[in-house]
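Try each task first, then follow the solution step by step.

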Amino acid sequence: MFFLGRVAEIVTDYVLPIAHTEDLNLIDVEFIKEGSDWILRIFLENQAGDLTIEECEKVSRALSAVLDEEDPIDKSYILEVSSPGLERPLKTEADFERFQGELIAVTTYAKIKGEKEFVGILEAYQNNEILLKLKTDKTVKIKKDLIARANLTFEI
C-alpha cells in the first residue's frame with residue numbers, strides 16, 4: 001500500500017490517460033476525509049466547458065477498474081468524478097494564463113502586505129507571479145510558490 005499523502009499523486013497517474021482518451025482535461029485530484037468517509041474526488045473539464053454526466057460516468061467506470069486492479073488505496077473510499085464547478089481551482093501556469101481578466105480568490109501561505117486572502121481581477125501571469133487588481137484598485141503581486149489556493153470566484 002502507498003503512503004496516504006501520495007494517493008492523489010498516484011491516482012493522477014492513473015486518471016490522466018483515461019481523461020486524455022476521452023478528450024478531457026484533468027483539473028484536480030483530492031483524497032480527503034469528510035466525517036467518517038474518505039473521498040477520492042476527480043475534477044475534469046471538456047473543451048466546451050460543459051462536462052456531461054456521461055463523460056463523468058465513462059471516466060468513473062474506467063478509473064474504478066484500474067483502481068480495483070492496482071489497489072493503491074488501503075482504505076474504503078467513495079469515488080466522485082465531476083466538473084470543478086463555478087469556483088474552479090487554478091493550479092497551473094496555463095490556468096493562470098487562461099483566466100486572465102477573471103475574478104479570482106487567492107489564499108497565500110505567508111502574509112503579503114499584512115494579508116493572506118485576496119480577491120480581485122487576475123490582470124497578468126508572468127515570471128511565476130500573478131498580478132491581481134483588488135477592489136480598492138490597488139494591485140498586488142503574488143509569487144506562485146506562495147499561493148496555497150487560487151480559484152475562480154463569482155463575488156467580491
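**Exercise 1. Is F31 buried or exposed, and which ring stacks on it?**

Step 1. F31 has a relative accessible area of 13%, so it is buried (buried means under 20% relative accessible area, exposed over 50%, partly exposed in between, with a 1.4 Å probe and protein chains only).

Step 2. A word on the source: this is a predicted model, in which local features need pLDDT of at least 70 and side-chain atom pairs count only at pLDDT 80 or more, while totals for chains, interfaces and linings use all residues. Residues are numbered from 1 along each chain as its sequence is written, and side-chain values use heavy atoms, with hydrogens and water left out.

Step 3. Now count the ring pairs. Rings of Phe, Tyr and Trp (its six-membered ring) pair if their centres lie within 6.5 Å; planes under 30 degrees apart count as stacked, over 60 as edge-to-face and the rest as tilted. By this rule there are three aromatic pairs.

Step 4. The partner is W38: its ring centre and that of F31 are 5.0 Å apart with planes at 20°, so the two are stacked. W38 is buried too, because its relative accessibility is 18%.

Step 5. Ring pairs also bring in Y77, giving a cluster of F31, W38 and Y77.

**Exercise 2. Find out which parts of the chain the pair F96 and Y125 ties together.**

Step 1. Check the geometry: the ring centres of F96 and Y125 are 5.5 Å apart and the planes lie at 15°, so this pair is stacked.

Step 2. Place the residues. F96 sits in helix α3 (residues 93–98) and Y125 in strand β5 (residues 115–126), so the pair joins parts 29 residues apart in sequence. Helices (H or I, at least four residues) and strands (E, at least two) are DSSP runs, numbered from the N terminus.

Step 3. Both F96 and Y125 are buried.

**Exercise 3. Work out the strand order of the three-stranded sheet and what packs on it.**

Step 1. The order is β1-β2-β3, in an open sheet with mixed pairing; two strands pair if DSSP finds at least two bridges between them. β1 (24–34) and β3 (78–82) are the edge strands, each pairing on one side only.

Step 2. Look at β2 (residues 37–46): five bridges pair it with β3 in the parallel sense. L40 stands opposite L79 in β3.

Step 3. Contact means heavy atoms within 4.5 Å. Helix α2 (residues 53–70) lies across β1, β2 and β3, at about 145° to β3.

**Exercise 4. Describe how α1 and α2 cross.**

Step 1. Their axes come within 10 Å and cross at roughly 140°. Axes are lines fitted to C-alpha atoms, for helices over the stretch in contact, and angles run from 0 to 180 degrees between N-to-C directions.

Step 2. That makes α1 oblique to α2 (angles under 35 degrees count as roughly parallel, over 145 as roughly antiparallel, 65 to 115 as roughly perpendicular and the rest as oblique).

Step 3. Among the contact residues are V11 and Y14 of α1 and V59 and A62 of α2.
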